[in-house]
Amino acid sequence: MPRPGRPGAHEDPAAALGGAAELLAVLHAHGQDGADPAVSPSQLRALIAVEAAEGINLRALGDVLGSRPPSVTRLCDRLEALGLLTRSPHPSSRREVELRLTPRARALLEERRAIRARAFSAVLARMAPEAVDALVSGLAAFREAADGLLPSGRPADTSDDQAEGAGSPGDAGAARTIARIADSA
């Protein structure tokens, strides 16, 4: 139902956004099952975060994912077993481990992005050009308004593969930057 004083505006913009977010999640997931190897959403988030900050350590990755160290370690174990991630000692700190993507992981991310782009493009092609322009403008404004709202740029997730992690003082800014990059990927 339109809002008084705003032609065409929804009565509850948050509900409209929630519905759009659900549709985006469905479109994003559509066709993803065909990608090889199959990875969970939390594994995919971890790969995107490592891609955004090649050489990131486990603690900083935990900050980005909102995960506890044991969960991050198990997640990295699974990714390494799939041949998507490598762990190596940090060159200047024996206590730290650097995380890097394998060529197979890069190919997987490229494939996933192509699938997502096709699904989104199919819907956008059915929209009027003015509606696409309005959508892009509205999304840019929404993203700008949300920037910095949450400490890590995303809501906390407490699932097994996502939990909290304490990082060094410099890791917090890096985590926010990586989160923004990962969200845009």
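Analyst: Leu135 lies in helix H6, residues 129–146; helices are DSSP runs of H or I with at least four residues, numbered from the N terminus. This is a predicted model, in which local features need pLDDT of at least 70, side-chain atom pairs count only at pLDDT 80 or more, and totals for chains, interfaces and linings use all residues. Residues are numbered from 1 along each chain as its sequence is written, and side-chain values use heavy atoms, without hydrogens and water.

User: Which residues is Leu135 in contact with, leaving aside its neighbours within four places in sequence?

Analyst: Contact means heavy atoms within 4.5 Å. On that basis Leu135 is in contact with Leu124 and Met127, neighbours within four places in sequence being left aside. Leu124 is eleven residues from Leu135 in sequence, and their C-alpha atoms are 9.7 Å apart.

User: What is the span of helix H2, and how does it stand against the expected value?

Analyst: The expected span is 1.5 Å times one less than the number of residues. H2 (residues 41–52) has twelve residues, for which 16 Å is expected; its first and last C-alpha are 17 Å apart, close to that value.

User: Which residues of H2 are buried?

Analyst: The buried residues of H2 are Ser42, Gln43, Leu44, Ala46, Leu47, Ile48, Ala49 and Val50.

Notes
Helix = DSSP H or I, 4+ residues; strand = E, 2+ residues; numbered from the N terminus. Buried < 20%, exposed > 50% of the residue type's maximum accessible area, 1.4 Å probe, protein only.
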